[in-house]
Amino acid sequence: MVNLMVLQGRLTKEPETKTVGDVSLCSFTVVWSEKYKDKETQLFMDCQAWRGTADFISKYFTKGQEIIVVGKCHTEKWQDKDGNNRSNIRMTVDTANFAGTKSDNAGESRFTPCAAPDEELPFI
């Protein structure tokens, strides 16, 4: 089975970064929208990134900026304080990259290499 999502959209707020143990965790929401005639379709995707990808996103991205994220979706399930079953779909981001215009990215090159998983590449 395949679980792969690619999403290009804008950050709805500043990415929130914290440390879990000694590992960085960045949480953020990406909004995607599409208009056809006078009907608009939207998707708000809660995302989380770990380690180097989390550091990359928290360093280079801000609210309203366009971003491309690639990762996997999963469903989180829990019970609220009233005992009701709740769920949320979240994307765990493996890579992120700049999108949009150069001015949107505060002078960063659009072709900056994306954040790779936290593995050493054999040819570097």
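The structure is a predicted model, in which local features need pLDDT of at least 70, side-chain atom pairs count only at pLDDT 80 or more, and totals for chains, interfaces and linings use all residues. Residues are numbered from 1 along each chain as its sequence is written, and side-chain values use heavy atoms, with hydrogens and water left out.

**Confidence**
- The chain has a mean pLDDT (the predictor's confidence in each residue, from 0 to 100) of 87, and 82% of its residues reach 70 or more.
- Over residues 107-116, pLDDT stays under 50.
- Where pLDDT is low, the predicted coordinates should not be read in detail.

- Beyond four places in sequence, V69 is in contact (heavy atoms within 4.5 Å) with residues including F28 and V93.

**Salt bridges**
- There are 3 salt bridges (a side-chain nitrogen of Lys or Arg within 4 Å of a carboxyl oxygen of Asp or Glu).
- E66 and R10 form one at 3.5 Å, N to O; E66 lies in strand β5 and R10 in strand β1, so the pair ties together parts 56 residues apart in sequence.
- E66 counts as buried (under 20% relative accessible area, with exposed over 50% and partly exposed in between; 1.4 Å probe, protein chains only) because its relative accessibility is 15%.
- R10, at 36%, counts as partly exposed.

Key:
Helix = DSSP H or I, 4+ residues; strand = E, 2+ residues; numbered from the N terminus.
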